[in-house]
Amino acid sequence: MKVNDLILQTVTTFLAFIIFIFSIYLFFAGHYTPGGGFIGGLMTSAALVLLLLAYDIKTMQKALPINFLTVAAVGLMISILTGVGAFLFDVPFLTHAFQYIELPILGKTALASTLAFDLGVYLVVVGIAMTIIQTIGESE
Amino acid sequence: MSLIHLVILSPFLLAIFVPLLHKYFKRIHTGWFVLALPILLFIYFIGNLGNVMAGNTYLSTMNWIPSMGINFAVYLDGLGLLFALLITGIGSLVVLYSIYYLSKEKEALNTFYVYLLMFMGAMLGVVLSDNMLVLYSFWELTSISSFLLISYWYHREKSRYGALKSMLITVFGGLSMLAGIILLYTMTGTFSVRETIASVDIVTAHELFVPALILFLLGAFTKSAQFPFHIWLPDAMEAPTPVSAYLHSATMVKAGIYLVARMSPVFAGAPEWFWLISIFGIITLFWGSFSAVKQTDLKAILAFSTISQLGLIMSLLGIGSAAVYYDYLEENIYTVATLAAVFHLINHATFKGSLFMVVGIVDHETGTRDIRKLGGLMNLMPITFTLAIIGGFSMAGLPPFNGFLSKEMFFTGMVNATQIDAWNMETFGMIFPVLAWIASIFTFIYSMVLIFKTFTGKYQPEKLDKKPHEAPLGMLIPPIILASLVVIFGFFPEILKGLIEAALHSIFPSNFTVEDVHIYFWHGWTTELFMTIGVIAFGSLLYLTLAKWGNIYEWFPKRLTLNKLYDGGLVGLERGSFAFTKFYMTGFIRNYLVMIFGFMALLLLLVMGQTGAFNFSLDNASKVGVYELILALVMVIAAITILFTKSRLSAIIALGVVGYSMSLFFVLFRAPDLALTQLIVETVSVALFLLCFYHLPEISKKVNRLRFRLTNFIISISVGIVVILIGLSVNSSRVAESISDYFVKASYEEAGGKNMVNVILVDFRGFDTLFEIAVLTIAAFGIYAMIKLRLTKGGSQ
């Protein structure tokens, strides 16, 4: 019997985006309120997993043709480069800086180099979570 | 680097080129290229003879590891020169002999001469080094090259057995000697032999004196095949005969003698030194000569004979050490023992070398060394027979050969030993001359067996593989030279006087004067002469009646021999260590965990007890609210459920309960980031557990309750208690203020963030985070690799 997952799929289409946006919020808010790259990355993966549950792996791969191992590797790379970048300013590895900038819409905002580092963490977490789940899911 | 350094190193240098010479000059026997070197070295040492006999010594130092006091210091004095002459002289003869003994076509000559040259250089290094660590290095090099030479015919099992045995025993002794050297170093602060002798007062007064002494003697006894370490020497007879003649009669086995003589100025005068050396020497002498009579293999007879003669020299050195104790005497009668030792050392090298070569000739020409098959070779091999007579009679101590002279002096030394009035010698003194006399009778018997069973009697051609005939001239020249020396030293012993005197100077400290080294043929009608006559009379009688009493050797139970002990010991050691390994390496992870946790709990408890860490105070404790109590109760119930539940599914769920309660605890203790992360991670891990559970194979899905085991129970309880104790103890003895105040202030001012946890993670301690995400990436890659790249047993996917 073919199962009709219409309700689940419809709800997921909305919900996944809400979760995704929440995860982006968590990621950006990390410096001031609870959140950060790690939990943000986990939330993003949660959105993706929800999509996986509602549809199947093949559909997912068609919709999001991403190799998540690459995502993890790129994330690790970004984090390391953030640390290495400190050398350009003749300061020790992983020294961070921040600056307050007036942005057109958001107003006075702190722009910190830790954000780049956190982006690396975020990507690694998304990458590994998805890799693990996809790999196990695909295995017979 | 002076000339003498080059002299010591030259055999090693030549050894490098031997394989090349062997490869490119195939038509010439490689031995001819080697022969020149020992002859040159012999001439060099002869050239130094006059200088050394005049009482001069020569010291030359080459830096090796100066910061540790290890330098290649060469010290040439009488004793060193005597040994160097023996090594190079007999070395030349052995090389010449081996040219005719070893076939150019059949044998791997390149390896043979490389090993032989290695040995020669190492032996020169042993006797000429002043630095004890350098001496030790060369000492081990002699062990290694001897090992290689014994197993020269490595396809024979007995060769390998003999090589292994000699290696194990001599290296055991070598390592003991190293320990002795280190002990001496801690006493004196120097590795130099001369400087150690100079500070002999410190050494004798030191509490480590006796241990160092015993360790040195272990080294000397194992190398010189003293009882009970003599068992390797008969098995080393599997080596080619030139090797046996060189290493196991004339040079390497005398390294121990050299060591005892060299260290005499340090240790002599102590009763331990006297007793150990004399007793072990005299027992070796007796046991060696007693065992030699029952052997049927010519080389085995010579091996036991060597053991016995080495015991003789050793016991003489022991008795001679009494001279140091009595240094106030005007006429020191004990130096004669040391004199006899040095003299017999030379004599033994000459006659034993020639006898080995004679045996080699017999083996080479008849194809057997078994005296039961041999006989009546006198007319076929007249020159060999003459050589055997000279060597054998000298060994038996008959006039007019040099063995007679040294045996007379040996008796003198032993008889004098009874006059020592210290160290209980009044009670035990008599055993020395008595044992020496009995041992000499057996020496006489086996010497006669060696000569007459081989060369006289019935000729049995049917038992021999080859038709025997006289050996080629080149094979005869070396034993002829040695036998001539036997006769020359016998008739004109005075020519050795200078050399012996110089050697005695190095054995006895400088305040001794060895003025009259007199070696006479005729002592007059002394006790010693009567003892010799008795030896000849009894010896002849016993030799003629050998068939009647020869079966006493059968009485001795074969299971109680030292060889059985050695073999059994090796097997036992192997089995024991295997059993021990099997005992704790069970292969079950649960057993290892029991050990790890048990040890951990025990160690931590002990340390806490030792340091008095059981001091608990509740001053810093916060108040416990009702929420915490409830949550803790939930967690405890869930944990207990995990232990007592029957099904795995409920265990997984209970574990999830513990995890979610934990995140609630984080909420309670105001850690929102942790709570969030814990919540999600717990969800993921429970999902993964369920996955594992779902994929369990059908067979093992039996629903089982955890079985109760007392050990596991005790260990888990004690680990839990210890960890709780440590937690309480740590909490109640805080030594420094927390640094969190800094983070509270700095996270906004310096890092521009208000979420302190996140600021610490990415900014203050970003380095940790960097490697944690590296860990995660590795884990993901690992899972991917494990699942995607699974190989089947055949190796394909």
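Buried means under 20% relative accessible area, exposed means over 50%, and partly exposed lies in between (1.4 Å probe, protein chains only). Keep that handy for the exercises below.

This is a predicted model, in which local features need pLDDT of at least 70 and side-chain atom pairs count only at pLDDT 80 or more, while totals for chains, interfaces and linings use all residues. Residues are numbered from 1 along each chain as its sequence is written, chains are lettered from A and ligands numbered from 1 in the order in which they are written, and side-chain values use heavy atoms, with hydrogens and water left out.

**Exercise 1. Classify Phe767(B) by its accessibility, then describe its aromatic pair with Phe93(A).**

Step 1. Phe767(B) has a relative accessible area of 42%, so it is partly exposed.

Step 2. Rings of Phe, Tyr and Trp (its six-membered ring) pair if their centres lie within 6.5 Å; planes under 30 degrees apart are stacked, over 60 edge-to-face, and the rest tilted. The whole structure holds 41 such aromatic pairs over all chains. In the pair of Phe93(A) and Phe767(B), the centres are 5.6 Å apart and the planes make 90°, which is edge-to-face.

Step 3. This pair crosses between chains: Phe93(A) sits in the loop between helix H4 (68-85) and strand E1 (98-103) of chain A, and Phe767(B) in helix H34 (residues 766-788) of chain B. Helices (H or I, at least four residues) and strands (E, at least two) are DSSP runs, numbered from the N terminus.

Step 4. Phe93(A) is also partly exposed, at 29% relative accessibility.

**Exercise 2. Find out which parts of chain B are tied together by Phe227(B) and Trp287(B).**

Step 1. The two rings form an edge-to-face pair, 6.4 Å centre to centre with 75° between the planes.

Step 2. Phe227(B) lies in the loop between helix H9 (209-223) and helix H10 (232-235), and Trp287(B) lies in helix H13 (residues 271-293), so the pair ties together parts 60 residues apart in sequence.

Step 3. Both residues belong to one aromatic cluster, together with Phe286(B), Phe290(B) and Phe442(B).

**Exercise 3. Follow Arg194(B) to its partners.**

Step 1. A salt bridge is a side-chain nitrogen of Lys or Arg within 4 Å of a carboxyl oxygen of Asp or Glu. Arg194(B) forms one with Asp130(B), at 3.4 Å from N to O.

Step 2. The partners are 64 residues apart, with Arg194(B) in helix H7 (residues 193-198) and Asp130(B) in the loop between helix H4 (109-128) and helix H5 (132-150) of chain B.

Step 3. Asp130(B) is buried, at 2% relative accessibility, whereas Arg194(B) is partly exposed, at 29%.

Step 4. Arg194(B) also lies over the face of Tyr75(B), 5.5 Å from the ring centre. For this, NZ of Lys or CZ of Arg must be within 6 Å of the ring centre and within 35 degrees of the ring normal.

**Exercise 4. Trace the salt-bridge network that contains Arg369(B).**

Step 1. Arg369(B) meets Asp297(B) in a salt bridge of 3.0 Å, N to O.

Step 2. Arg369(B) also forms a salt bridge with Asp363(B), at 3.5 Å.

Step 3. Asp297(B), Asp363(B) and Arg369(B) are therefore linked in a network of salt bridges.

Step 4. Asp363(B) is buried, at 16% relative accessibility, while Asp297(B) is partly exposed, at 22%.
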